[in-house]
Amino acid sequence: MSCLALSLTLVSAFMPAPPAAAEQSAPPPAVLAQAAPAPVEPPPPPPVEPPPPPASSAPAPAPGFVVAAPVTGGLAPQLKGLSVWGILPYAYYSSTGLGLGGRFMIPLSFPPLLHTPNVRGDGFAIEFGADYLHWSVGVPGYDFSVNWFLPSVGVMWNVWFNDKLVVYPKFSLGYYYAWVSDLPSSYGGYGSNLYWDIDAGAMYKLDNGLTLRAELGYSGLKLGVGWLF
């Protein structure tokens with residue numbers, strides 16, 4: 001019996017311990033402290049694109065047609081100022097006369113009549129002033145002179161083709177006074193009355209501030225210059 005016990009003791013001494021027992025006797029592994037992860041920033045939002053423009057409700061032009069430019073025109077520059085001119089009146093008793101005249105222009109506040117791309121615009125103005133005409137007439141036996149003084153007031157319609165060229169018709173009412181001088185002592189003559197006139201004229205603005213003028217009407221052909229602003 002003692003021999004059997006001795007044998008079991010020797011066998012147990014040389015046999016390894018079971019794995020479960022080894023694991024139970026080993027100390028637990030140390031737990032390392034981990035740092036908290038850094039916060040992750042969210043990605044930037046996508047760029048905001050403007051909404052597309054609304055689709056036009058106007059129908060497209062048919063093939064072969066061209067869309068016309070918008071209508072322009074309207075109220076043109078309004079002029080104000082003084083004009084003076086020389087006059088070549090109509091012949092009187094086969095005598096060519098000469099004359100002088102002047103007008104002062106004031107713009108009127110009327111709406112424009114033209115709305116077309118062919119002109120710059122239009123407007124109305126009033127002009128008042130006077131003309132003086134003189135003829136030297138020679139007949140067998142003596143010479144004499146004829147004189148006319150013609151104050152008037154007129155309304156003109158100025159049509160601007162561009163920023164420089166203006167054409168106009170003008171309707172005027174006036175009162176003339178005419179007299180004859182240098183007649184023999186037993187002769188004389190004078191007269192006066194109301195009159196009306198329709199003129200056609202043109203103006204051209206220069207870069208130096210002056211305006212060239214030409215007009216044809218009751219008094220004859222007028223050529224002059226204006227200080228209009």
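This is a short tour of a predicted model, one selection at a time.

**Stop 1: the whole chain**

Show the protein chain as a cartoon. It has two helices and eight strands. Follow the chain from the N terminus, and the elements run α-α-β-β-β-β-β-β-β-β. Of the 229 residues, 27% are buried. Look at the contacts too. Among those with a separation of 6 or more, 59% are between residues 24 or more positions apart.

**Stop 2: the largest nonpolar core**

Select Trp85, Ile87, Leu133, Trp135, Val137, Phe144, Val146, Trp148, Leu150, Tyr176, Ala178 and Tyr195. These twelve residues form the largest nonpolar core. Which strands supply at least two residues each? They are E1 (81-88), E3 (121-139), E4 (142-160) and E5 (165-181). Strand E4 gives the most, with four residues.

Next, pick Trp148, a member of this core. Leave out residues up to four places away in sequence. Trp148 then touches Asp131, Tyr132, Leu133, Trp135, Tyr176, Tyr177, Ala178 and Tyr218. Another core, of ten residues, lies apart from the largest one. To find it, select some of its members, including Ala76, Met105, Trp160 and Leu228.

**Stop 3: Arg103**

Go to strand E2, where Arg103 lies. Is Arg103 buried or exposed? Its relative accessibility is 5%, so Arg103 counts as buried; the cut-off for buried is under 20%.

Show the side chain of Arg103. One of its polar atoms lies 3.3 Å from the backbone oxygen of Ala130. The side chain of Arg103 also makes a polar contact with the side chain of Asp131, at 3.0 Å. Now display what surrounds Arg103. Not counting residues up to four places away in sequence, Arg103 touches residues including Gly81, Trp85, Glu127, Phe128, Ser152, Lys170 and Lys222.

**Stop 4: a network of salt bridges**

The structure holds nine salt bridges.

Zoom in on Lys170 and Glu127. Their side chains meet in a salt bridge of 2.9 Å, N to O. Lys170 is in strand E5 and Glu127 in strand E3, so the pair ties together parts that are 43 residues apart in sequence. Colour both by accessibility. Lys170 counts as buried at 3% relative accessibility. Glu127 is buried too, with a relative accessible area of 1%.

Move to Asp131 and Lys222. They form a salt bridge, with the closest N and O atoms 3.1 Å apart. How many residues apart in the chain are the two? They are 91 residues apart, with Asp131 in strand E3 and Lys222 in strand E8 (residues 220-228). Both Asp131 and Lys222 are buried.

**Stop 5**

Select Arg120 and Asp163. They form a salt bridge, and their closest N and O atoms are 2.9 Å apart. Arg120 sits in the loop between E2 and E3, and Asp163 in the loop between E4 and E5. This pair links distant parts of the chain, 43 residues apart. Check the surface here. Arg120 is partly exposed, with a relative accessible area of 36%. Asp163 counts as exposed, at 52% relative accessibility.

**Stop 5: His134**

Return to strand E3 and pick His134. At 27% relative accessibility, His134 counts as partly exposed. Leave aside its neighbours within four places in sequence. His134 is then in contact with Gly97, Leu98, Ser145, Val146 and Asn147. Which of its partners meets it side chain to side chain in a polar contact of 2.7 Å? The partner is Asn147. His134 and Ser95 are 39 residues apart in sequence and 10.0 Å apart in space, C-alpha to C-alpha.

**Stop 6: a nonpolar surface patch**

From His134, step to its contact Leu98. Leu98 is in strand E2 (residues 98-108). Leu98 is exposed, with a relative accessible area of 60%. With Leu98, they make a nonpolar surface patch of about 610 Å².

Definitions and conventions. Residues are numbered from 1 along each chain as its sequence is written. This is a predicted model: local features need pLDDT of at least 70, side-chain atom pairs count only at pLDDT 80 or more; totals for chains, interfaces and linings use all residues. Side-chain values use heavy atoms; hydrogens and water are left out. Patches are made of residues with over 30% relative accessible area and no salt bridge: like charges are joined within 9 Å, nonpolar side chains (Val, Leu, Ile, Met, Phe, Trp, Tyr) within 5 Å. Accessible areas come from the Shrake-Rupley method with a 1.4 Å probe; for residues, only the protein chains shown count as cover. A salt bridge is a side-chain nitrogen of Lys or Arg within 4 Å of a carboxyl oxygen of Asp or Glu. Buried means under 20% relative accessible area, exposed over 50%, partly exposed in between (1.4 Å probe, protein chains only). A nonpolar core is a set of buried Ala, Val, Leu, Ile, Met, Phe, Trp, Tyr and Cys residues joined through side-chain atoms within 4.5 Å. Contact means heavy atoms within 4.5 Å. A polar contact is a pair of N or O atoms within 3.5 Å; within protein, one must be able to donate a hydrogen and the other to accept it, and residues adjacent in sequence count only if both atoms are side-chain atoms.
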